[in-house]
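Hi,

Here's the model I promised you. Have a look through it first, then read on for what turned up.

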Amino acid sequence: MKVMIGIAHPKQVHFWKNIIHNLTNDGHEVKIVAWKKDITLYLLNVYGLTYEIIGRNYKGLIRKMYGLLESDFKAFKVARRFKPDILLAGSPALAHVSKLLRKPYIYFIDTEHASMAYRLTYLFSDAICTPSCFKKKINSKNWIMFDGYQELAYLHPKYFKPDPSVLDDLGLSKHDKFIIIRLISWGAVHDVGQQGIGAKIRAQYISKLEQYGRVFISSEGKLGNEFEEYALRIAPEKFHSLLYYAQLYTGEGGSTATEAAILGTPSVFVSSLAGTMGNFEELEERYGLVYAFQDPHVALEKALELLEDTNLKVKWQKRKEKLVNEKIDVTKFITEFIENYPKRKQVIK
């Protein structure tokens, strides 16, 4: 079978890498088309995944619409040459191409507020796969739910082993306590008008959190001179290993908040989007792994309260084990769903 996969974001590289390896090991031919966005191409290269570039991350709504037309056209050219049997992605271009080719398209989405991408994609989708905790109700006979999170596809203990060399890179030992703060650019269409840890409170976050350990800031944008000493400088592929060893994560990155939880690291999510996503509700109410707040001051108070607990990481590791034991192997599920499509879809329905 020929499988065409679109990768438009760094998280999607992590999500697809193990699934791609499974598919190729099972004898399928995989074609990756990718977008220039952040470190997407860097990660594809690090993991030895070959790809063709069909677009880039444009700024501004009008330029993004131009980018969609550009990637539609280039994806169609690649697909006409490759002749895929099935197309997969979390972006609209391959969905549109699938209809021109009259081939099935499977849409993977876990972000309820990504309404623009959703509207441009779901009508062209033959299957829409979401976590079972997804809050948006999809009125479609093609809706497929799985009991897990996309992040489990690459951070499940079966597929992820932390690399302790990341501690050496930063002059740390396994006994050192440190906190990771994540700041995002708010440049995505679905992030317009949202906010998290404002510039005015960042200094307060650092001064209070560093009383409990060293503070590192992972930022999509420029930090400015006053925070430059806290900037995290490691190889991007080692970030999840650092997150595993961290005493606590707090920040605006929703995916990173979920990743921390799955790794057994206490997670405090700070965003005006708190309360709109099902994964955070489940991770907090069912597993006690994440706390989500719209108010950054309240979030900081919670982070400091957690850091007072000297047994914090041990508690979170036990909670993580409960999650891992209850959730499915997402990588295995998606691999089998693709390989047995459409029969697998009918079985699940």
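A quick word on confidence before the details: pLDDT is the predictor's confidence in each residue, on a scale from 0 to 100. Keep in mind that this is a predicted model. The chain averages a pLDDT of 92, with 96% of its residues at 70 or more. One stretch to treat separately is residues 189-193, where the pLDDT is below 50. Beyond near neighbours in sequence, that stretch has eight contacts in the model.

Now to helix 1, which covers residues 10-25. Its 16 residues reach 23 Å from first C-alpha to last, close to the 22 Å expected at 1.5 Å a residue. Even so, there's a kink of about 35° in helix 1, centred on Trp16. Trp16 itself is buried, and helix 1 is mostly covered, with twelve of its 16 residues buried. Among them are Pro10, Phe15, Ile19, Ile20 and Leu23, but also Lys11, Lys17 and His14. Just after helix 1 comes Gly27, with a positive phi of about 95°.

Cheers

Technical notes:
Residues are numbered from 1 along each chain as its sequence is written. This is a predicted model: local features need pLDDT of at least 70, side-chain atom pairs count only at pLDDT 80 or more; totals for chains, interfaces and linings use all residues. Side-chain values use heavy atoms; hydrogens and water are left out. Contact means heavy atoms within 4.5 Å. Helices (H or I, at least four residues) and strands (E, at least two) are DSSP runs, numbered from the N terminus. The expected span of a helix is 1.5 Å times one less than its number of residues. The bend at a residue is the angle between axes fitted to the seven residues ending there and the seven starting there. Buried means under 20% relative accessible area, exposed over 50%, partly exposed in between (1.4 Å probe, protein chains only).
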